[in-house]
Amino acid sequence: MSPVPTPDEVFDVFVTLGPPGTPFTTPEVAEEFDCTDRTIYNRLETLVEGDRIQTKKVGAKGRVWWQPVESEQSGSVGLNGDIEQLRSLPVFDSNLIGVIVWGEDITITDANDAFLEMAGLDYQEALGTSWRDLTPEAFYSTSERHLQEVEETGSGVPYEKQYYHADGSRWWGLFESRRLNESEKVEFVVDITERKQRERLLKAQKELLELIATDAPLETCLSALCAAVPRLGTGVRASIMLADDERDSFQRPIAPDLQPSWGDGLEDAPINDLMIGTCGEAVFRGDGITCEDVTTDDRWSEEWRELCVANDVLAGRSEPIRNASGEPLGSFMLCFDEPRGPTEWERQVTDFGTYIAGIAVEREHSRRALLEVNNALERLNEATRELIDADTETIADRVAPLAREVLDVECAALWRYDDRNGELEEHAVDTAGTVDVDTVEVTTEVSDAVWQTFVGTSGVHVEPDLDGQDDGSSPLGSFVTVPLGRHGVLWFGSPGADSFDDRMGDLAKATAASVETAWNRAEGEQRLAERNEELKRLDRLNALIRGVHQQLVDADSREVIERAVVDQFADSDLYEFAWVGTREPGTDTIIPRAWAGVDDGYLETLSIRTNGTTPDEDPMAAAIRTGDLQVVGDVAIDPRAASWREPTLERGVRSCIAVPLRYNGTAYGVLAVYTARLQPDERDNPVLAELGETIAHAIDAVETKRTLLTDSVTELTLEIYEGDTVLVKLAQEIDSEITFDGLVPLNGGAARLFFTAHDVTAKQVRDVAHCLPGVAAVTLLREAETESEFKLKATEPTVASHVVKNGGIVRSLTVTGQAITVVVDQPANATVREFVETIQAEYPSADLVARHSRDRSIKTPEDLRVVLSERLTARQREILEMAYRSGYFESPRIRTGRDLSEALDVTQSTFSHHLREGERRLCELVFDRL
């Protein structure tokens with residue numbers, strides 16, 4: 001390889017290749033040297049930097065170089081006016097640089113092959129051709145001024161010219177112009193058509209993108225695109241068709257004011273029908289299609305070909321307009337008015353059109369989608385505002401139509417979860433006016449998807465292409481399910497397949513979140529309101545209970561207690577009225593004793609029998625008989641209220657509660673309370689039952705006090721032939737008589753018994769007692785020669801405990817192996833029959849053998865013992881009697897206070913307190929009566 005040439009060596013080539021002003025390409029200069037074009041290119045740039053030569057870019061990548069003409073040289077380019085010398089220059093044979101010789105009338109007198117190819121002329125056609133015939137009128141005056149400048153100065157400033165080519169408008173760039181002789185000028189040009197086209201394409205693209213960015217209507221943007229195509233140098237027309245929303249057919253062409261207008265033939269027939277055919281189906285699919293001759297292309301329907309010919313569309317090229325995902329959105333078409341195929345440039349214009357149209361359509365879809373989202377969010381806000389103050393049931397009833405309106409779908413349903421039975425059931429369905437709700441079939445696939453959504457972890461469960469019923473009864477093609485937390489599931493359905501995209505899924509989630517939030521709030525407020533109402537109810541109930549208790553504390557007779565109780569209930573906001581009644585043994589009926597809040601005329605209508613145990617037994621009688629609280633939830637339909645239904649309903653009452661008044665097994669009657677609401681709160685029942693026991697205890701206390709203060713009592717002597725009581729069994733085993741000395745009741749029916757065993761050793765008694773069922777412990781209190789005193793803890797009720805529980809006072813009780821003889825004191829006004837029947841209910845063999853009335857003056861030790869047991873509490877008597885019988889008062893003491901407190905399982909201070917209190921009351925009884 002030769003050494004790399006110097007810049008001077010490269011400059012000398014210009015002298016040998018041609019005169020100053022003659023342009024040469026880089027390859028033409030490089031042919032003179034044995035080196036690469038790049039090396040020569042670098043040397044040429046060095047010469048340009050030294051102002052020794054000049055250069056100009058031609059075409060997209062080319063460049064020419066020339067030696068400048070000296071300023072004093074004018075009138076020629078160093079050719080001496082010789083055309084033959086011009087033809088001998090290498091530039092005349094260049095395939096890139098066109099050479100044109102113009103005569104005085106601006107006609108072509110000579111040209112090289114490069115220019116002829118640029119102009120689309122042969123040599124003979126070119127000779128004599130006027131510049132006016134080659135260039136548009138707008139450029140002709142510019143050309144005249146340029147040639148005039150060459151005439152006057154010998155050269156002209158380079159500029160660009162547009163000219164007509166056989167295939168359309170073309171451009172060349174003039175980079176050198178010189179006077180050849182007195183009558184001719186020579187110009188050196190290059191083809192810049194491709195560059196000018198691309199400049200126009202870029203300019204059109206910029207303008208159209210700016211138009212799209214202004215949020216102009218889609219029709220305006222696509223019309224501007226169609227209008228821009230002819231100006232890009234194609235000489236053809238453009239038309240656009242867009243797919244409809246279902247994307248299985250096309251709308252009418254865009255821009256009817258442009259050619260082709262497609263006006264004729266479209267009034268009555270849809271484009272889909274006209275384009276039926278192989279080619280039309282390909283367009284629907286989004287395939288590119290070239291049709292070089294419409295009249296002979298049988299891929300189109302005959303009607304469509306006739307329509308094209310009528311609008312001077314004889315050929316064309318169609319390309320699909322696609323979105324970012326590649327889905328076809330429509331078709332961009334170049335329409336030719338002669339049968340031919342598209343040029344390469346027209347293919348590029350088609351690509352440009354589909355690109356711009358795709359952006360415009362995608363922007364429109366995005367705008368519409370955004371508008372739909374905004375509208376949906378506004379609808380969601382409106383729905384949220386409607387639900388924000390609604391209660392749970394209103395939300396459950398309204399959520400389906402509201403949710404359907406938010407998503408703007410055909411069907412919506414709420415599946416609600418019932419936490420009482422663990423079932424998820426369809427609660428409400430709402431459909432658009434175009435869908436019959438009766439045709440919406442709940443298939444197994446739907447119900448399974450709803451359940452999986454409720455129990456699963458996925459936020460949204462989408463099932464596209466849902467198979468409907470074979471008979472076509474279900475209009476659904478796809479659906480979406482969204483969980484509502486513990487409340488259930490929202491379900492949306494649509495006839496179209498794939499109707500629920502990600503945007504719809506997100507909107508469904510947002511709707512469900514708003515509904516769930518409103519529902520949670522409503523439930524929270526409901527629970528709060530219920531708690532507040534419950535607190536108010538409890539306050540009223542507690543106020544009632546406190547009022548009753550206060551009245552019970554101050555009452556000194558049964559009549560006062562009963563009156564105070566009914567007054568308290570009648571004054572309460574919880575109840576309308578109340579009355580207290582007792583059973584009358586002689587008539588087997590319940591008679592009212594006290595009432596409040598109701599007229600006595602109502603009570604006169606009552607006729608309540610107590611001798612029935614049928615399912616329709618009156619609740620008042622059942623309460624007295626069983627000792628259980630009875631509730632009539634609805635007076636209007638409960639058969640137990642049949643005898644007093646009408647007068648009760650007339651007084652605005654709907655429910656009733658019968659509260660038994662029973663204490664220690666003694667029935668003191670019934671408290672009947674009435675309310676204006678259905679189904680009284682069952683949480684009050686235990687409180688009312690306990691209150692009934694408290695009232696009965698108060699009645700028992702005043703009755704006992706009355707018994708203690710009265711001067712006469714009824715003395716009853718009963719004989720009981722039972723062999724299963726503790727004392728009877730003990731008497732049978734030791735074969736000795738037992739005398740009852742006292743009783744201290746304990747919880748659960750247990751009791752501590754004090755008794756004396758006669759003519760038997762203490763050891764024998766203890767040994768036998770320890771082996772008897774129902775005996776928890778036995779303690780020797782005192783042992784004498786012929787008798788021994790004991791304390792026994794019985795775990796089951798005894799005759800004495802039943803007597804005490806039913807209001808009697810044991811005066812004496814003697815037990816042998818065959819029978820029990822018990823003498824009982826009762827108040828003179830007590831019902832003997834009722835008392836005896838109560839004892840006989842426990843001991844059927846009980847027989848009343850004697851009945852006497854006597855004064856209650858203390859005349860015998862038994863009288864004193866009875867009165868003393870009435871003055872002392874159970875614990876005081878137990879401690880006092882145990883101390884006495886254990887030798888505590890002996891000197892020296894047989895058993896100390898510590899021994900007795902340990903035996904009683906109490907502290908020594910407690911033992912001492914009860915002992916002193918018992919001693920004080922004993923002294924009061926003795927000394928106050930002296």
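Cys 411 lies in strand β13, residues 411-418. Strands here are DSSP runs of E with at least two residues, helices are runs of H or I with at least four, and both are numbered from the N terminus. With a relative accessible area of 1%, Cys 411 is buried. Buried means under 20% relative accessible area, exposed means over 50%, and partly exposed lies in between (1.4 Å probe, protein chains only). Thr 431 sits 20 residues from Cys 411 along the chain, yet their C-alpha atoms are separated by 4.4 Å.

This is a predicted model, in which local features need pLDDT of at least 70 and side-chain atom pairs count only at pLDDT 80 or more, while totals for chains, interfaces and linings use all residues. Residues are numbered from 1 along each chain as its sequence is written, and side-chain values use heavy atoms, with hydrogens and water left out.

**Overall make-up**

The protein has 30 helices and 31 strands. It contains 930 residues, and buried residues make up 47% of them. Take the contacts between residues at least 6 apart in sequence: 59% of these join residues at least 24 apart. Contact means heavy atoms within 4.5 Å.

**A helix pair**

Helix α10 (residues 218-228) packs with helix α14 (residues 344-387). The angle is about 175°, and the axes are 10 Å apart. Axes are lines fitted to C-alpha atoms, for helices over the stretch in contact, and angles run from 0 to 180 degrees between N-to-C directions. The two helices are therefore roughly antiparallel. The cut-offs are under 35 degrees for roughly parallel, over 145 for roughly antiparallel and 65 to 115 for roughly perpendicular, with the rest oblique.

From α10, the contact uses Leu 218, Cys 221, Leu 222 and Leu 225. From α14, the residues include Phe 352, Ile 356, Ala 360, Arg 363 and Glu 364. By class, this contact has 9 nonpolar, 1 polar and 2 charged residues. Nonpolar covers Ala, Val, Leu, Ile, Met, Phe, Trp, Tyr, Cys and Pro; charged covers Asp, Glu, Lys and Arg; the others, Gly among them, count as polar.

Arg 363 and Glu 364 also belong to a network of salt bridges, linked with Asp 215 and Arg 367. Asp 215 lies in the loop between α9 (193-213) and α10. At 46% relative accessibility, Asp 215 counts as partly exposed.

**Salt bridges**

How many salt bridges does a search of the whole structure find? The search finds 26. A salt bridge is a side-chain nitrogen of Lys or Arg within 4 Å of a carboxyl oxygen of Asp or Glu.

| Pair | N to O distance |
|---|---|
| Arg 340 and Glu 346 | 2.7 Å |
| Arg 640 and Asp 638 | 3.1 Å |
| Arg 782 and Glu 787 | 3.3 Å |

Arg 340 is partly exposed at 21% relative accessibility, whereas Glu 346 is buried at 3%. Arg 640 and Asp 638 are both buried. Arg 782 is partly exposed at 29%, and Glu 787 is partly exposed at 24%.

**Asp 638 and its loop**

Asp 638 is found in the loop between β21 (630-632) and α21 (645-650). Its relative accessibility is 13%, so Asp 638 counts as buried. The side chain of Asp 638 also reaches the backbone nitrogen of Arg 640, at 3.0 Å. Neighbours within four places in sequence aside, Asp 638 is in contact with Val 631, Val 632, Gly 633 and Arg 645.

Ser 301 lies in the loop between β10 (289-291) and α13 (302-310). Ser 301 counts as buried, at 9% relative accessibility. A polar atom of the Ser 301 side chain lies 3.1 Å from the backbone nitrogen of Trp 304.

**Positive phi**

Most residues other than glycine have a negative phi. Asp 215, though not a glycine, has a positive phi of about 65°. Gln 679 also has a positive phi, near 50°. Is Gln 679 buried or exposed? At 55% relative accessibility, Gln 679 counts as exposed. Gln 679 has its place in the loop between β23 (666-675) and α22 (685-709).

Notes
A polar contact is a pair of N or O atoms within 3.5 Å; within protein, one must be able to donate a hydrogen and the other to accept it, and residues adjacent in sequence count only if both atoms are side-chain atoms.
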